[in-house]
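Let's take a friendly walk through this structure, one region at a time. Please keep the viewer open as you read.

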Amino acid sequence: MSMEEKQNSQTFLDFNQSTFKPETIEEVSAIIKECYKKNIPLEISGLKSKNNIGRNFQAEKTLDLSNYSEVIEYKPEELYIKVKAGTSLKVIKSELDKNNQELAFEPVDFGPLFSGKNNEGTIGGVISCNFSGPRRFKAGSARDHVLGFQGVNGKGEIIKSGGTVVKNVTGYDLSKIVAGSYGTLVVLTEISIKVLPKSPSNKTIVIENPHLSKALEYLNLALSSSSDPSGGVFYPEYYRNHFTFNDLTTEGPITAIRIEGSSNSIDYRIKELCKELEIQKNEIIILEPEQSNIFWEKTRSLQVFSNLKNNLLRIVVPSSETFEIINKLKVYKINYFVDWGGSLIWVQLDDISAKILKNIREIIDRSSGYVTVIKIEENLKASIDVFTIDPVKYKITEKIKKSFDPKRILNPGKMYSGI
Amino acid sequence: MTNLQMPKVEQSIISNKDKIVSDISKIVKEENILSHNDEIKPYETDALAAYKQPPLIVVLPETVEEVSAVLKYCNENKIKIVPRGAGTGLSGGSLPLADCVLLAMGKFNKILELDFKNRCVVAQPCVTNLAITQAVQDKNFYYAPDPSSQIACSIGGNVAENSGGVHSLKYGATTNNLLGIEVVLMDGTITRFGGKAMDSEGYDFLGLMTGSEGLLGIITEVTVKILRSPEVVKTALIGFSTIEDAGNCVAQIIAQGCIPAGMEIMDKALTKATNDYSKAGYPTDAEAMMIIEFDGTELEVVSYINQAKKIAEENNSSSLKISKTKEERLKFWAGRKAAFPACGVLAPDYMCMDGSIPRGKLAEVLREITRLSKKYDLPVANAFHAGDGNLHPLIMFDANDPVSLRKTEKFGAEILKYCVKVGGALTGEHGVGIEKRELMCEAFNNTDIQQQLTIKLALDPNSLLNPGKVYPILRKCAEEGRVHVHGGKTKFPDIPRF
């Protein structure tokens, strides 16, 4: 009996249940094959850390991968870890910690935002949503770290792409298209992901400066300098109370730049950076490694939005546009902070309507950026677009969706209506 | 072209040549259509020079609108398109077909914008890789991916092949340094994927297009990120008395958490040949030589070099030389980058392979290559981007001897199959093209390949864009991987490659 025949002949599926919790790839494949045959839409889920992001959609059944969890292979000397897609970030991180390694793109923790407590979710979810933390501009995004995957497409077929080696140009790079597709193309089952040694140390300089324009100038200069920073944020004064550190004796807004490396090199680079930014020693405060770590951990996990009741938008633009955009958005009574050295703006709004969102989209679109709705009042969610897309790309998206999931059974409508 | 099945030639297209020329001359300037045999001859091959086939005609568009109109016309009239950039590809990705329009992008050769504020450069696709760095270096910036052919290869071709280079160990390949592209699909649709903002929303078409070898669209504009040049760069040459020691040293350097900017290895044969060719100052008595480069601050670089030196000594290194000046450092690299022309001295012809393996398997794979070299009675010289496990064994043979050629093809296929067997890949940076097409089934099963073909058909339902490349034509994979003839006498032997 061939492998495929074996899979088809398996009768373990009780199709009356509304949630499937598969433990083998054969089960995942069999479930999807059955749904494909019967036209049953499936919601793909893991630890539900990000399932509020995306459009609401109707799915008859849930495919819950939180039991599909295991570290399959971790080769620190080869700089990769291969895991089942339902493996939690917590498990992966504690494994990597043993060898002083990490996922360099700093996965964003949406737990505090949605539930008030940390929940980094599963690696499958992290890759499917492709959100990356403060180190993004230096280390690349989540998708840049995927070396290969195995998954099941909308017909129930097991497919793979890439592998475990860093250099591989054999065939189309499907890891890229799958990353950020919100489970609408394949159900990820195995992911090989690049890991890197943790930096021996890090420090953060906080510059005393009240102005956004000056802050953006500092961040831009820092990112263009040879000091090689790995984080650059600006928090306005109203978020100041979230950062009560002993060393942080400044008042007002926070302009912070992280430098990582060996300790003597960090000190040298901070000195050089101050020269380039033309700032004096008394205009900065240095967060030593321990406090620096806490600062960036708070940034990565969006602590300032912990238990947020309001609406949250994530705006990415070329950094040269950021100042003007924030000024234009101020009419909407926003609170915001800037990450990625000026390219990422998190915007919190008390009041939002479909019209306001449309206006904001137009502003951002003119600046060649994009807006993702991360959190919005439930009554509005059905009537607005969570993601931005133009008609030409919608048509291409439709074609690609069909090539993976011809009957639209995987997270249908999660990203766009009709996809 | 022997023994390699290509898509069926449509005689009706060939007999319709005059009408096609006349129709396309309504889209592009008449002088931008080449149809005479003498004019199209230079386009009959790329850097996989053993395969030759003149196209039906060559079209050199000047604007994206022209590209779009030509594609739309060809799509409606079922005419195949083969795209071509600088023609430096090593896997035959730009090999024409007898009934194709060869779309040569050579006139898209301008840098459009240097944007230091957003740290990026916008360029047309036929700007050379090196020209981008040259355009920004006076402001202390550079473009990181540096394929050895960077003086000649085009940035659009880099995107199509997802090219790497000696520095991709630390800075990634093209896909990790690309922000956006403008692209024309086979039906003439013009669109943009990505831009100056990071991580565009929706499906990552930018990532899908990168490395798709001209099968999904024609790239008409490229936006790449540029980096600030590091303060200090130092390069060391380390000799080893066995190639296994060198291989183990690579694995240990990476395992101990120090990531160099580049880490290359050459075996004795190639070290000597390249040193003779470019007087690079290599330790020619060593069985293997490592070139290792670190960048960053002075303190960091010195500490990393010391760390590497210690690991090398533990692995019985026989010599160490550290660059003292920029000139000396560039001289160290000049030898490595001249591996191709230098090899011409060793044999009439050679075939360059491009397997990728886990770093820890380096010594094992090298032993296997040595064993196969004896089995086939063909000498082999080895150059590796060792830091990221990308091997470039050069098999030496005489193309005039059919037995030698056949043996070489089998030898090459066995090396690549072994790479896949130890957990690696068929190609690290040169692409599949026609060269490794028949070996795709070593890496993928039929379902994997069908999924990729479905994507192709979604964007190009008539399979007109660069057909016959990357994916085997037969449904069932060939029993024996056929491959790879590599004429030693390439047209421009002085251009550094791989």
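How close do the axes of α9(B) and helix α14 of chain B come, and at roughly what angle do they cross?

## A helix pair in chain B

Bear in mind that this is a predicted model. In it, the axes of α9(B) and α14(B), the latter spanning residues 362–376, come within 8 Å and cross at roughly 150°. With an angle over 145 degrees counting as roughly antiparallel, that makes α9(B) roughly antiparallel to α14(B). The crossing of the two is right-handed.

To see who makes this contact, select B:Ile243, B:Glu244, B:Gly247, B:Asn248, B:Val250 and B:Ala251 on α9(B), then B:Leu362, B:Ala363 and B:Leu366 on α14(B). Sorted by class, the residues of this contact are 6 nonpolar, 2 polar and 1 charged.

## Where the chains meet

Chain B gives 70 residues to the contact between the chains, and chain A gives 67. On the side of chain B that touches chain A, the elements giving two or more residues are α8 (205–209), α9 (243–255), α11 (298–314), α16 (440–443) and α17 (446–459) of chain B.

## A sheet in chain B

Chain B also holds an open sheet of 4 strands, in the order β1-β2-β4-β3 and with mixed pairing. Its edge strands are β1 (33–34) and β3 (80–84), each of which pairs on one side only. Strand β4 of chain B, residues 100–104, runs parallel to β3(B), and 5 bridges join the two. For a landmark on this pair, look at B:Val82, which stands opposite B:Leu102 in β4(B).

What lies across β1 and β2 of chain B? Helix α2 of chain B, residues 17–24, does so, and α2(B) runs at about 10° to β2(B), which covers residues 57–59.

## An enclosed strand in chain A

Now turn to strand β13 of chain A, residues 254–261. Here 8 of the 8 residues are buried, so the strand is largely enclosed by the rest of the structure. In a regular strand the side chains alternate between the two faces of the sheet. In β13(A), A:Ile254, A:Ala256, A:Arg258 and A:Glu260 point one way, while A:Thr255, A:Ile257, A:Ile259 and A:Gly261 point the other, and all are buried.

Two strands are joined to β13(A) by bridges. Strand β11 of chain A (residues 201–207) runs antiparallel to β13(A), with 7 bridges, and A:Ser201 has A:Gly261 as its bridge partner. Strand β12 of chain A (residues 231–235) also runs antiparallel to β13(A), joined by 5 bridges, and A:Gly231 stands opposite A:Arg258.

## A helix pair in chain A

The last stop is the packing of helix α8 (residues 212–223) and helix α11 (residues 322–329) of chain A, whose axes are 10 Å apart at an angle of about 155°. α8(A) and α11(A) are therefore roughly antiparallel to each other, and their crossing is right-handed.

Which residues make this contact? From α8(A) come A:Leu212, A:Ser213 and A:Leu216, and from α11(A) come A:Thr322, A:Phe323 and A:Ile326. The contact of α8(A) with α11(A) comprises 4 nonpolar and 2 polar residues, with no charged ones.

Technical notes:
Residues are numbered from 1 along each chain as its sequence is written. Chains are lettered from A and ligands numbered from 1 in the order in which they are written. This is a predicted model: local features need pLDDT of at least 70, side-chain atom pairs count only at pLDDT 80 or more; totals for chains, interfaces and linings use all residues. Two strands pair if DSSP finds at least two bridges between them. Two residues are in contact if their C-beta atoms, placed from the backbone, lie within 7 Å. Axes are lines fitted to C-alpha atoms, for helices over the stretch in contact, and angles run from 0 to 180 degrees between N-to-C directions. Angles under 35 degrees count as roughly parallel, over 145 as roughly antiparallel, 65 to 115 as roughly perpendicular and the rest as oblique. A crossing is left-handed if the near helix is turned anticlockwise from the far one by less than a right angle, and right-handed if clockwise. Ala, Val, Leu, Ile, Met, Phe, Trp, Tyr, Cys and Pro count as nonpolar, Asp, Glu, Lys and Arg as charged, and the others, Gly among them, as polar. A residue is buried if 20 or more other C-beta atoms lie within 10 Å of its own, exposed if 12 or fewer, and partly exposed in between; C-beta atoms are placed from the backbone.
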